[in-house]
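Let's take a walk through this model together, from the whole chain down to a single residue. Have the sequence and the 3D view side by side as you read.

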Amino acid sequence: MKVKQTDDVTRLKIESLSKKIKHLSIGESKKSNGQANEFEEAILGLNSKFMPTRTHSLITLKRLIDQKDPLTIKNRNQILTLLKASLSDSESYVYLHSINALSSLALADTDNVLMVLIEAFHDKTRTIEERVNVGQVLVQLDRYIGTLSFFLHLHIDQLNASLIS
């Protein structure tokens, strides 16, 4: 019963946030090419009751983040919130793709995303599963930053201290 309640709360959070993002991006989609429609479809797909649709939406968002799509990058704070909410999904395919998308977002915007992830990792009000999922994002980011340590040396100490504590 607790899993069902958690899924319902997560779905409500995602639905509310995706409506806000869609509202913000309406003007952009009229000016832009098909990428805006792809972005909107991905955001709306996160509301789906069907696991494959939610998973596909996360894969699309990750690809748009990796491609540095302007509309996606512009809405990165809202996307961060959506991806953190998706970490609570009971379906492993969904939260695993949330981890991958969050890792890409953290790599693309390390200055802003890293501290949010560290705070979420240490947030005792989150379930163990959610904190483990955030920890997986931090470990992936640590691997990525490790290979880029020359450029991102400022973040390595923060990240390593978080994973050790």
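What pattern does the protein chain follow when read along the sequence? The answer is α-α-α-α-α-α-α-α-α, with 9 helices and 0 strands in the chain. Here helices (H or I, at least four residues) and strands (E, at least two) are DSSP runs, numbered from the N terminus.

Before going further, a word on the ground rules. This is a predicted model, in which local features need pLDDT of at least 70 and side-chain atom pairs count only at pLDDT 80 or more, while totals for chains, interfaces and linings use all residues. Residues are numbered from 1 along each chain as its sequence is written, and side-chain values use heavy atoms, leaving out hydrogens and water.

Now to the chain as a whole. Of its 165 residues, 44% count as buried, meaning under 20% relative accessible area (1.4 Å probe, protein chains only). The protein chain exposes about 9200 Å², and carbon and sulfur atoms supply 58% of that area; accessible areas come from the Shrake-Rupley method with a 1.4 Å probe. Among contacts (heavy atoms within 4.5 Å) between residues at least 6 apart in sequence, 61% join residues at least 24 apart.

Next, find helix α6, residues 92–108. Buried residues in α6 include V94, I99, L102 and L105.

Finally, turn to T60 in helix α3, residues 51–66. T60 is buried, with a relative accessible area of 6%. Leaving aside residues up to four places away in sequence, T60 touches E38 and A42.

Methods. Buried < 20%, exposed > 50% of the residue type's maximum accessible area, 1.4 Å probe, protein only. Expected span 1.5 Å × (residues − 1).
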